[in-house]
Protein chains: 2
Amino acid sequence: MKWLLSLGLLLASLGIQALPLVEKQRFDLASFTTQSGAVLKKVSVGWEAYGTLNADKSNVILITHFFSGTSHAAGKYHDSDPAPGYWDAIIGPGKAIDTDKYYVLSVDTLANANAFDPNVITTGPASIDPATGKPYGLRFPVVSIRDFVRVQKALLDSLGIHKLHAVVGASMGSFQALDWAVAYPDEVERMVSVIGAGQMDPWTVYGLERWSDPIKADPAWHHGDYYASGQPREGLNKALAYIIYDASYPDGFNRRYPAPTDQAPKVDIDAGFASVKALASQAALRAKYQDANAILYLVRASQIYLAGYEGNLEDNLKKVTAKTLFMPASHDRLLVPKMARSTFETLKKLGKDTQYQEIDGPWGHLDGLVSIPSQAGVLKAFLAK
Amino acid sequence: MKWLLSLGLLLASLGIQALPLVEKQRFDLASFTTQSGAVLKKVSVGWEAYGTLNADKSNVILITHFFSGTSHAAGKYHDSDPAPGYWDAIIGPGKAIDTDKYYVLSVDTLANANAFDPNVITTGPASIDPATGKPYGLRFPVVSIRDFVRVQKALLDSLGIHKLHAVVGASMGSFQALDWAVAYPDEVERMVSVIGAGQMDPWTVYGLERWSDPIKADPAWHHGDYYASGQPREGLNKALAYIIYDASYPDGFNRRYPAPTDQAPKVDIDAGFASVKALASQAALRAKYQDANAILYLVRASQIYLAGYEGNLEDNLKKVTAKTLFMPASHDRLLVPKMARSTFETLKKLGKDTQYQEIDGPWGHLDGLVSIPSQAGVLKAFLAK
């Protein structure tokens, strides 16, 4: 730490300017009624921003985050952070989402998975229910993609922002982005859906369901009442391993994990594979600040997703006035490209201004994060059009 | 039942000949040493055959079964059976695997999943350990694809069959088929790998591992000692649901299961989706006669699979003298076509007589069963060449 601070001073003394550090901010709502009809007495979410808001507040790009993500889309909180926000490769000065032009804002969702991350502010099942003074657990209401959008809208209203140059999100973030374009068509000028979909199908509902299984099967889960006794750590870690696996693709995965040349599993039914253990370790690391119940709520929010929340997709898409861009990953096994394509095709059929560009790469769904720089030009041009 | 018998009589009276009924037969070995070095004092497996063995025993086709399968590849045991064996569409008089020409034989594997199916004979973790008089449980040794092959070889030897016109298998059956061609090159003239692979990779090892998870997470599992207390039914049913799901493809799956228009999940975190329940019911039906521990042993046998059992694939494939045909399913998500293709390409590079033909269809891995009739001509021609 000391050493890194010295490095910062050294760089400064050499005239190498570090980017401004990112600051987490807090937004509070005294009361919020969910789509499911529950009244939450106090809702708080974290947010952060990069770039400068112009005078008429017309240069705002909202970034909506994915399932396991947070509002930390770009930059660093401290010079010593090991890595910047997840989309730092495309958000920054001169980058595809150019912070020299745009004021880029990102918000933690309700029931954010990373409830215990000190950089995350969220209201979810791990939050204290003012009515009981104890964590909600499963007494927390079902929340939806629309609820996430409505909290973001309340934050933007509080900032006097009533027009989005664009809303851009990956995966579960794409659900929010498209729902924004349906819910508030007058306020969204452009929408970018990265590795996304317009609605759920039985295939994806089951794929998501499987992420809940190991948590619910863990005896430490206690139907969600574990905040005093300790998290269902084994179930949570396994859920995270499933998430990483389902978001991957064989080509990338097989490059990263060791081939099954293990000898012990050939003679011992209890022995395990090095590759399975390596994935488990990676998952445990990512699960460190996560809340098991929050995973269940995000699974549910995703499962009940339909752009427009209710009704049918085609009718809902008629409301869209934003220019739209769909960027699925060619090898996505989690949200298969067909889902984005059919939404794009429906918009096209409805005569809307819409674009489609696949992201190629060896990582499947994760290419929405790791391989998106290969399509930075398309994204940049779309935001300028 | 009475009605169906009457139907049989009616058909007979009209001169419509029913096919001869299939009979399950039993093969016993007094002692068998597994590749893992354990000695099993008594091994029994079931087998069945269709067609007639010719005088010089040169018309034998061996069918090796898939993970959830049994030796019941074709025909019916009783006129009243609701469905015939799994590949009945391609095995029978005049069909791709023509029982007018070939004597088609199929054998239950060791540790067969359907240990409690009255039509299955297998030695596995649910069998009585002669040393203790109790079921083996996890004291059963790790068994491998090579062990399955060696039991089949012992059966064929006992029948005086020393040459296979072909060995044909789907999925885990393809592992046995290719391992046959490596282990006994002088006895295998043709090998057909349907929805198969030459070896495992980290991706597939993890995909298989996930089928074990719900069983091991079920408190009723008791580290495999449940034969007195009752099966880990919930874990077993869930494992079967995972197997069905992973063997499917969105197109077919979404046609079969209801779209997520359920209202309860939008307001109740404990509510479930009709599609998830429908898959669970289907899985429970298929799991009815299955043994949870057997699933763990088949997962392991598959995870440690390498054609040739040890060494490296390319060296092992040098031993193959059989003509080979690889038939992966284009949309297979479980054993991705690339696995069959790379094995085919290695054989080709080695100058072997090998063919490659994908099976298209909406069901992914399951197209190896449901859509294979579309490639019956390719299969038939290969068997005649």
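Modeller: A salt bridge is a side-chain nitrogen of Lys or Arg within 4 Å of a carboxyl oxygen of Asp or Glu. This is a predicted model, in which local features need pLDDT of at least 70, side-chain atom pairs count only at pLDDT 80 or more, and totals for chains, interfaces and linings use all residues. Residues are numbered from 1 along each chain as its sequence is written, chains are lettered from A and ligands numbered from 1 in the order in which they are written, and side-chain values use heavy atoms, with hydrogens and water left out.

Colleague: How many salt bridges are there between chain B and chain A?

Modeller: R210(A) forms a salt bridge with D246(B), with 2.8 Å between the closest N and O atoms. Between chain B and chain A the count is 6.

Colleague: Which residues of chain B lose the most area to chain A?

Modeller: Contact (heavy atoms within 4.5 Å) takes in 51 residues from chain B and 51 residues from chain A. Buried area, the accessible area (1.4 Å probe) that two parts lose on being put together, summed over both, is about 4,800 Å² here, 60% of it on carbon and sulfur atoms. Together giving 18% of what the chain B side buries, the residues are W203(B), K266(B) and I269(B).

Colleague: How are the rings of W180(A) and Y184(A) arranged: stacked, edge-to-face or tilted?

Modeller: Rings of Phe, Tyr and Trp (its six-membered ring) pair if their centres lie within 6.5 Å, and planes under 30 degrees apart count as stacked, over 60 as edge-to-face and the rest as tilted. The whole structure holds 28 aromatic pairs over all chains. For W180(A) and Y184(A) the centres are 5.2 Å apart and the planes at 55 degrees, so the pair is tilted.

Colleague: Which charged end sits over the ring of Y184(A)?

Modeller: A charge sits over a ring if NZ of Lys or CZ of Arg is within 6 Å of the ring centre and within 35 degrees of the ring normal. Over Y184(A), at 5.2 Å from the ring centre, sits K153(A).
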